[in-house]
Amino acid sequence: MKTRVTELLGIEAPIVQGAMARIADASLAGAVSEAGGLGIIACGGAPLSWIEEQVAKARSMTDKPLGANVMLMDPNAAEVAALLARLKVDVITTGAGSPANYLGMWKEAGIKVVPVVASSALAVRMERLGADAVVAEGTEAGGHIGELTTMALIPAVRDAVSIPVIAAGGIADGRGMAAAFALGAEGVQVGTRFLTVEECTIADAYKERVLAAKDADTIVTGRGSGHPVRCLKNKFARTVRKLEGDVAANGDELEAMYAGSLKRAVEGDVDNGTMMAGQSAALVHEGGTAADAIAAMVAEAEALGGMDLEALAARNAARGGAR
């Protein structure tokens, strides 16, 4: 399947693995890249030595394009940005801020830059800065989220920019992928589906909760603090939501609860940790390998009603920046 996204990133399937903090390591990213998608190592909050080690490990697993994510609110973002330029990863995705300070350095290193955006206005700004593509992420996604739904966001971004649009939020199978292309995307970013694959190193208890999830089993915490996060419902999330009813009175207690909550979940404490996952968890019913997930998604998308995804992608490329 060829689209502007596959050609830009040098990948076989227009599927980008989501950059899930403490989850998206070399084991997962290397497997996704080797399977034909774009694996992403999540660098947010990670030591520089760990990042360099993970990039080296992933490159030992595959000679195909590899990406990394920079969380721009990270106090060490400048150091991470410089390290990734030195390592010459193929693609950098960014979130939680503007990559303007680092874009020139990354471009000089031959790196493709793909910011994650939650509105068409931000997408336009990223295109003007020189971004190669954007990931437009709807509120259905797991982890840190915006307000707009994928259904509304993707066509709005497609009409606003000329660069390729990668859809994210609520996409876990071929149906979601085909819908994203119909809305104007030329690729998809997938996170929650990869939580349950064999190469994902989170605890089995976390994987089991994802596999058991139903459509109403996610919850958003952090709206009161201005940093909303979608995760699976559990004791921790319900307690946090209750305390967030009065952030002024419970701020210190909430900060203490937030600290290390994702780490606890990743290590298997599914009652007292933040199990980040999107609404698409209800669509994830199996594990398998990263290659299995990618192959199934592409096959289902292409089979849906004889839909020609390459033709849709070509149409989307032609109509970009229509406004």
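**Entry 1**

I started with K88, which sits in the loop between α4 and β4. Helices here are DSSP runs of H or I with at least four residues, strands are runs of E with at least two, and both are numbered from the N terminus. Before going on, I note that this is a predicted model, where local features need pLDDT of at least 70 and side-chain atom pairs count only at pLDDT 80 or more, while totals for chains, interfaces and linings use all residues. Residues are numbered from 1 along each chain as its sequence is written, and side-chain values use heavy atoms, with hydrogens and water left out.

Back to K88: I looked up its phi and found a positive value near 55°, in a residue other than glycine. Its relative accessible area is 48%, so K88 is partly exposed. The scale I use calls a residue buried under 20% relative accessible area, exposed over 50% and partly exposed in between, with a 1.4 Å probe and protein chains only.

A96 is another non-glycine with a positive phi, about 60°. I found A96 in the loop between β4 and α5, partly exposed at 42%.

**Entry 1: helix α5**

Next I asked which residues of α5 (100-108) are buried. They are Y102, L103 and W106. These three cover an arc of only 120° around the axis, which puts them on the same side of α5; the arc is taken from the directions from the helix axis to the C-beta atoms.

Leaving aside neighbours within four places in sequence, K107 is in contact with V113, G130 and D132. I also checked K107 against A85: they are 22 residues apart along the chain, with 8.7 Å between their C-alpha atoms. Just after α5, G110 has a positive phi of about 80°.

L9 is in helix α1 (4-9) and counts as buried at 5% relative accessibility. Setting aside residues up to four places away in sequence, I see L9 touching V16, L38, P65, V91, K112 and V114. L9 and L66 are 57 residues apart in sequence, and their C-alpha atoms are 9.1 Å apart.

How many cavities of 30 Å³ or more does the structure hold? I found one. My search ran on a 1 Å grid over the protein atoms alone: a cavity is a set of points where a 1.4 Å probe fits but cannot get out, a pocket is an open set with protein on both sides within 12 Å along at least five of seven lines, and lining residues have an atom within 4 Å of a point. Points are joined across faces, edges and corners, and the volume is the space filled by probe spheres set on them.

The largest cavity contains about 30 Å³ of space. Its lining is L9, V16, L38, V91, T93, V114, V135 and I166. By class I get seven nonpolar residues, one polar and no charged. Ala, Val, Leu, Ile, Met, Phe, Trp, Tyr, Cys and Pro count as nonpolar, Asp, Glu, Lys and Arg as charged, and the others, Gly among them, as polar.

**Entry 2: the second largest pocket**

This pocket has about 190 Å³ of space. Of its 13 lining residues, E140, T150, G169, G170 and I171 are the closest to its centre. α7 (150-160) and α8 are the elements that give two or more residues to the lining. The largest share, four residues, comes from α8. I count six nonpolar, six polar and one charged in this lining.

**Entry 3: helix α13**

Buried here are A290, A293, I294, M297, V298 and A301. They cover an arc of only 120° around the axis, which puts them on the same side of α13. Their cover includes β1 (15-17), α2 (26-34), α8 (174-183), β9 (187-190) and α14 (309-319).

Key
Contact means heavy atoms within 4.5 Å.
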